[in-house]
Amino acid sequence: MAPKNKIVITVTGFTLVALFWIYWVSVNPIDERAMVKFISVQEILQTEDNERVRIGGVVADGSITLSSTNKLEVAFTLKEGDSFLPVEFIGTRPDLFKNGAEVIVEGLYQEGSFHADILQTKCASRYEGDLRDASSYNLNEIEI
Amino acid sequence: MTPVLGSVSLSLATGFGILSVILLSLYIRSGDYRLFLAGRRMAIIVSALVIIATLLLVKELITSNFDVDYVAHYTSIETPTIYKFTALWAGQSGSLLFWVFILSIYSLIMIFQNRNRYHRMMPWVLCVILTVQLFFLILTNFITNPFEPTNADFVIANGLGLNPLLQNLTMAIHPPVLYLGFVGFTIPFAFTFAALLTNEKGSLWVRSIRRWSLVTWLALSCGIILGGWWAYQELGWGGYWAWDPVENASFMPWLTGTAFLHSIIIQEKKNMLRVWNTILIMLTFALTIFGTFLTRSGVMSSVHSFTESPLGPIFLAFVAIIVTVCAILVFQGLPKMKSDKHIESLTSRESGFLFNNVVFVTMCFAVFWGTIFPVISEAVRGTKITVGPPFFNQVNVPIGLLLLMLTGVGPLLAWRRTSRSNFIKYFSIPVGLALIAAIVFLLFGFRGYVVISLTLSVFVVVAIITEFKRGIQARVNRFGESSFVAFRTMVRKNRSRYGGYFVHLGIVLMFIGFTGQAFNLKKEFGLGINDREHVGDINFELKQLREEERPNHFAWIAELLVTGKDGNSITTLLPEKRIYFHRDPNPDRRQPHSELDIHTTLKGDIYSVFSSIDTDNGIAFFQIMINPLVQFVWYGGYMLVLGTLIALWPSKREKLLT
C-alpha cells in the first residue's frame, strides 16, 4: 500500500475511534456527577424520582439557620420566582454565601428537603447593589 | 473632561479605522502606493488613539473619579493603587478596551517590524487587524463604553471596590498575560489570511509568523498556568483546574495553537501541510474570539461569567462571520495550496507531527463538546444539563496520555522515514527502561492510569535524554569537544529543536503533578483550642485563635500545629478568616474571605482553609487537603517557559539578518 494511503487510513481510523470515545463517554459517564440535570425549583417539587439534580436560585432573606452543634451544617430556603425549597448542606460554605446571594446547589431531593453536597455561589466579579451616598460607617457586631 | 476625551478618542479611532480600510482596499484595486502609505498611517493613528483612550481610563481609575460608572463600580477609595490600576481589566467594558489596547500595541510592533517587507500581503494584513480592532471599538463605543458617566443624581462618596478575591498579585498579572496570548494569535491569523488571498509562497513569512505564534503561545501558556496557580492559592477548593467554561475557553486555542506550532515546522522545512496549517491558525483565532465571548457574554452559567448582556449575540455573529469567510477562502484556495510533496512513511517525523496534530485537535473537540453540550442540550431537548469535571477527566485522560507518549515518540523519529534498524536502535533503550519502571510501579502497588502515566513519563524522559546524548556524542566524536561545550553548541545551533525538548520535559513534569491528584486526601472538621484531628497520618492541633483588626478588614487567625505520625513537628499553619467592609452597617454587604495557608514540599502540599468560626463555643472549622506532587505542575511550568525562551532566543544568523 502507498504510504499516503496508509497514513490516510490511520488518521481516519483514529479520528473515528476518538469521536466514538467522546460520544461513548457522553452517554455512559462513570461518575454520576459528570452530567447532571439542571432543573427549576418548581420542577423538583413536582417530581418524585430520586435523581441527582442541580438547582439555582436565591437564598431567601433571613432563612439561613446554622446548626447549634455543628457550624458546618446549614439550612436555608432557596427561592426561585414564587417557589421555595428547603435545603440542607454540610460542609465549607463559600465566602459569598449569604442572604440574597445567588447560589447553585447539587444533590438529592428526599422527603420534602433538598440534601445538597455541592453549594456554589455565583462569583460576583463586582459587588452587587447600588452605589450609595456618603453614609456613616459603624463597627457593629460581626457575625458569619 | 477626561472621560469626554476618552470617548472622543474611541470614536475617532473608529472613524480612522473605517477610513484606513477604505484606503487600503483602494490600494489593492489601483496599486497607487500613496494610498497604501496613507492607509498605513491611519492604521497607526487608530492604534495610537486606542492607547491614548486606555491611558485616560487608567488615569480616571488611579485618581478615583467616581463620576465614571466603571471607576465607581470596580474601585473604592480604600483600594490600593496597584489594584486601582488592575481594575482596568476587572470589568466588562474595561477588559474589552484592554483587548483592543493589546492588539493596537501588537499592530504597531508588526507595522514597524515589517515596514519594508511583504508589500503585497501587507494591505491585507492591515485590513484584517483593523477589522478586528473595529469590532472591539464598536463594542466599546456603542455597547459598553468604559467612559459612561454614572447615572446617580447624587455625589458618589465612594466606589463599590474591587472583590478581595481579585486583590492578589497573581490575579493582577494573570488576565493581561492571558490576553497577550489570546490577542497575539490575531497577527499570525492576519498573515495567513493575507497569504491565502495573495497566494504568497515562500517560507520567509512562515518563519516570522512562527516566531509571533511562539511568543503568543508562551504568553497563553503562562496565562493559563498563572490562572491555575491563582485558583489554587486563593479559591480554597484545593485544585488548580475545574474545567470551567472560562478555563476551557483559554485551553481550546492553546490546544490548536500548540498543534499549529508543531505543524508549521513542516511547512517551513518541507513546504507541506499548508492547507492544514491555514485551517489550524484560523481555528485558533476563531477560538480566541469564541473564548472572549464565553468569558464576557455570560451564556454559560459559570463562576466567572457576567449577567445577561447584549454582547452575546454580537460576539457569536462575529465568530460566525469569521468561520464562514475563512471556510469560503480555504475552499477557494484549495487548488493553489496543494503541495506536490507527500509524507513518505508512517514512521517519519512528518507523520509524527501529523498525529500529534490530530490528537491535539481531538482533545480540543472533546473540550469544545463538553463546554457547549449544556447549550445544545437545552436547545434540542429542552433540558439543561451541566457537564462537570468528571466528564472532562474521563474523556481527556486517555487522549492526554496518548499526547504524552507522542512527546517522546516524535523526537525519536527521523525525517522522511525511520529505517527498521534505526527504529530498534532508537526505541529499545527508552521502551526497555519504561517497561522496567512499569514493573516497579506495579510492585509498589500503583494501578490503572497512575501506572500508565508514570511509565510514559519515564519513557519520554529517557527518550529525550538519549536524543541529547546522541547529539552530544556526535559532536564529541567529530570535533573532540568536551561534553559540556558540545551540549552548549548543539543547543545554540538548533535552538528551536532543543528548546522544544525542554518544553517536552516540562510537560512530563506537569503530567507527574496531574498524576499526584489520584492520591489527594480531603477532610472537614471543627476544633476547639488544643483539640486534634488527623488527615491520613498527619495530625492537626489548634493551638490558638487570635483576632486582629487591620486597615480594610477584620481577621481571625488560627494557629494550627501540624505534626507527622511520630509526633515530629512539620510546620505551623496560619489560615485566616477575614471580613472585608466589616464596618459596613448592613451585614449583607460585609464580605467574608478565607485566606488559605499552604505548607509546600516537593512531596506534596498541606492545604488549610479556615471555613468558619463558632464564636460562642470557641470552635474553628477547617477544610484540610493533602495534595501530593502539586509542585511538579509549577516546576513543569517553569521548564516550559525556559524551553520556549531557549527556542525564541535569536541565533547569531538571525541577528545578522536583522
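What we have here is a predicted model, so local features need pLDDT of at least 70 and side-chain atom pairs count only at pLDDT 80 or more, while totals for chains, interfaces and linings use all residues. Residues are numbered from 1 along each chain as its sequence is written, chains are lettered from A and ligands numbered from 1 in the order in which they are written, and side-chain values use heavy atoms, with hydrogens and water left out. When I say helix or strand, I mean a DSSP run, numbered from the N terminus: H or I with at least four residues for helices, E with at least two for strands.

Okay, chain A. Chain A has two helices and seven strands. Reading from the N terminus, the order is α-β-α-β-β-β-β-β-β. Of its 144 residues, 40% are buried. Buried here is under 20% relative accessible area, exposed is over 50%, and partly exposed is in between, using a 1.4 Å probe and protein chains only.

You'll find A:L108 in strand β6, residues 102–110. Its relative accessibility is 30%, so A:L108 counts as partly exposed.

Now over to chain B, back to α9. Helix α9 covers residues 204–235, which is 32 residues. From first C-alpha to last, α9(B) reaches 46 Å, close to the 46 Å expected at 1.5 Å a residue. That expected span is 1.5 Å times one less than the number of residues.

On α9 itself, have a look at B:R211. With 32% relative accessibility, B:R211 is partly exposed.

B:T170 belongs to helix α7, residues 169–184, and is buried at 13% relative accessible area. The C-alpha atoms of B:T170 and B:W229 are 7.9 Å apart, with 59 residues separating them along the chain.

Next, helix α10, residues 245–270 of chain B. α10(B) has 26 residues and spans 38 Å from first C-alpha to last, close to the 38 Å expected. There's also a kink of about 25 degrees, centred on B:H262. How many residues of α10(B) are buried? It's 24 of the 26, so α10(B) is largely enclosed by the rest of the structure.

So what does α10(B) pack on? One partner is α13(B), residues 349–381, at an angle of about 165 degrees with the axes 9 Å apart. Axes are lines fitted to C-alpha atoms, for helices over the stretch in contact, and angles run from 0 to 180 degrees between N-to-C directions. That makes α10(B) and α13(B) roughly antiparallel. The cut-offs: under 35 degrees is roughly parallel, over 145 roughly antiparallel, 65 to 115 roughly perpendicular, and the rest oblique. The crossing of α10(B) and α13(B) is left-handed, meaning the near helix is turned anticlockwise from the far one by less than a right angle, with clockwise being right-handed.

Two other helix pairs in chain B are worth a click. α15(B), residues 420–443, and α16(B), residues 449–479, pack at about 150 degrees with axes 8 Å apart, and their crossing is right-handed. α6(B), residues 122–143, and α12(B), residues 311–337, pack at about 165 degrees with axes 12 Å apart, also in a right-handed crossing.

Last thing, back to phi. Most residues other than glycine have a negative phi. B:N199 isn't a glycine, yet its phi is positive, about 55 degrees. B:N199 sits in the loop between α8 and α9 and is partly exposed at 24%. B:L273, in the loop between α10 and α11, has a positive phi near 60 degrees, and at 19% relative accessibility B:L273 counts as buried.

Notes. The bend at a residue is the angle between axes fitted to the seven residues ending there and the seven starting there.
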